[in-house]
Amino acid sequence: MKNETNTTGEYIGRGIGISSGIAIGPVYIINQHGVPVPEYEIPADEVEKELKRLSGAVTKTQRQLSQLKMKAETLPTGAEDIVLLLEAYKGMLSSSRLMRGVEDLVRQQHVNAEAAIQRQINSIKASFAAMGDDYLAARAADVSEVGVRLIRNLLQQHYNPFADIPEGSILLAEEITPADTALMNPHHVLGFATALGGAEGHTAIMARALGLPAVSGIAGLQDINRPTAATLQHYRQELSKKQREDRKLKSLRDTPSITADGTPIVLQANLELPRDVEAAMESGAAGIGLLRTEFLFMNRPDLPSEDEQFDVLKKLVQKLDGKPLTVRTLDVGGEKLATALGDAVGESVNPALGLRAIRLGLKEPKLLDTQLAAILRASAYGPVRILIPMVSSVSQMKQVREHLMHVERRLQRRGVRLSTMPPLGAMIEIPAAALAADALARVCDFFAIGSNDLTQYTLAIDRGDDRVADLYDPFHPAVLRLIQFTAAAAWRANISVSLCGEIAGDRRSVALLLGLGLRELSMAPVRLPAVKHEIRQLSMPQVVAFTECIMSKSDSVEIKELMVAGVAGLDEATREKYKR
Ligand code: PEP
Ligand code: MG
């Protein structure tokens, strides 16, 4: 992926452009320290469980340190010390005075792990300070660094590191999580760059949703330095060019989304946060094709009640003023963790394959039923659809429908105002679901294809890992065939099908997606005008020729070349050959 974002530095680094755009401004380095540490007593019979929790956090911290070390190793020069230091940090997590002391405190004094670490940091610092030696003082800082990392991972909780950011800053941070991104004030932040994180993780999606230029996976973040006057001048010009183009695209807001030869295409918006609804309406979206409800669970220690969820959803439905709202039930697990669900989700060796999304909902029925009740209640105020993430089998959808009926009966007994039952759909984002789309279509009212996860699971590529980001390819023939098969199954069953993964918002994918049978796309609001512009240039025979040409290729490299060339790149002979 091209690195499209220039932050402020002459040295841009080798990062992955996760959200395109240009931002010019002063950098603000995020301090990852300063975590408030809770202290409580562990019951005697839960000590082993606490030690297991500690060991989970140790494994996670070691993994992060290994990733940072690999990053440092790619730096051109001068990073040898950092590599050694990170190796030493990892060592401190296996057998050290710090870890022995922490385990003793948990085992013998029943102190919770976070507090045990803090106490042990304090005690090591005090004893080193008493020796009055500069070298040891520096080692105490290292112990503190490792300890605080561990505490952050134990808490799985994000203090607001963005509270004091001066307006107009570009953030530099080791890592920014999706929950962190939700805390950012897009009016204060112009963009960000991080050392860790892949192109298709939720931080990237959030950045695109907020319209913030961002680069991740940069080695040597701290080396970014002042740009020269010539560089600045160049990017100022590029920025005003882009602003002019954006203004032009915005004027398409009320023009119909229709191909040059008259096929209507429904363009909807994805919402990460309720505040994005204004942008969605301004973009001219026909509705919300995907509301990710994870925001309701982020950055808080407890779970949202039915009333709280209902209030948020009702307001959204009202703001949409008759346009449909597709509410996806909670999709935590994997990289998106909610603090209050830590115990239910637990530690998983392969979080993306573990207890997440609807798997968690069906194991924790109260969680699912509370959300279904809130959605049903909100549906009395306008059109709503219910979307279930990570579906892999027909029986899961049947179970969800039973939950839905049960919740509806319960609400009726409570005398709650309801309207007709909203349509119930499945995200098709696991290869098994795509291959079983015919059977699933019989138990679903609609499909939404999640091409982000579909790519991740088909190609076995962690979408949040920058080290394998070059292998993440939503245009791999295998992924395309699954999308085509799913769309065809939906058409055969006469149910609607949309695609709401990130490729829906990439104007270069539009011709192919239409050719694969899609007539509904859902994307970040900022992407919508450019996609509409593209649709209005295309004609269906062109789209079919282009798609058939792509689907005849088995090599991703050839497909990429065709995608870059686009419909206009097809020669006359190919057009004729594929013309029906
Ligand atoms: C997807 O997987 O394509 C999708 C839309 O869901 P998410 O990105 O939230 O996993
Ligand atoms: Mg998904």
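How far apart should the ends of H10 be at 1.5 Å a residue, and how far apart are its end C-alpha atoms? Before I answer, let me say that this is a predicted model, in which local features need pLDDT of at least 70 and side-chain atom pairs count only at pLDDT 80 or more, while totals for chains, interfaces and linings use all residues. Residues are numbered from 1 along each chain as its sequence is written, chains are lettered from A and ligands numbered from 1 in the order written, and side-chain values use heavy atoms, without hydrogens and water.

Helices here are DSSP runs of at least four residues, labelled H or I, and strands, labelled E, are runs of at least two, numbered from the N terminus. The 15 residues of H10 should span 21 Å, and the end C-alpha atoms are 21 Å apart, which agrees; the expected span is 1.5 Å times one less than the number of residues. Seen down the axis, the buried residues of H10 fall within an arc of 130°, so they line one face of the helix, the arc being that of directions from the axis to the C-beta atoms. Buried means under 20% relative accessible area, exposed over 50%, and partly exposed in between, with a 1.4 Å probe and protein chains only. Among those buried residues are Phe310, Leu313 and Leu320.

Just after H10, Asp321 takes a positive phi of about 50°. Gly322, in the loop between helix H10 (306-320) and E8, is exposed, with a relative accessible area of 53%. Arg328, by contrast, sits in strand E8 (residues 325-328) and counts as buried at 2% relative accessibility.
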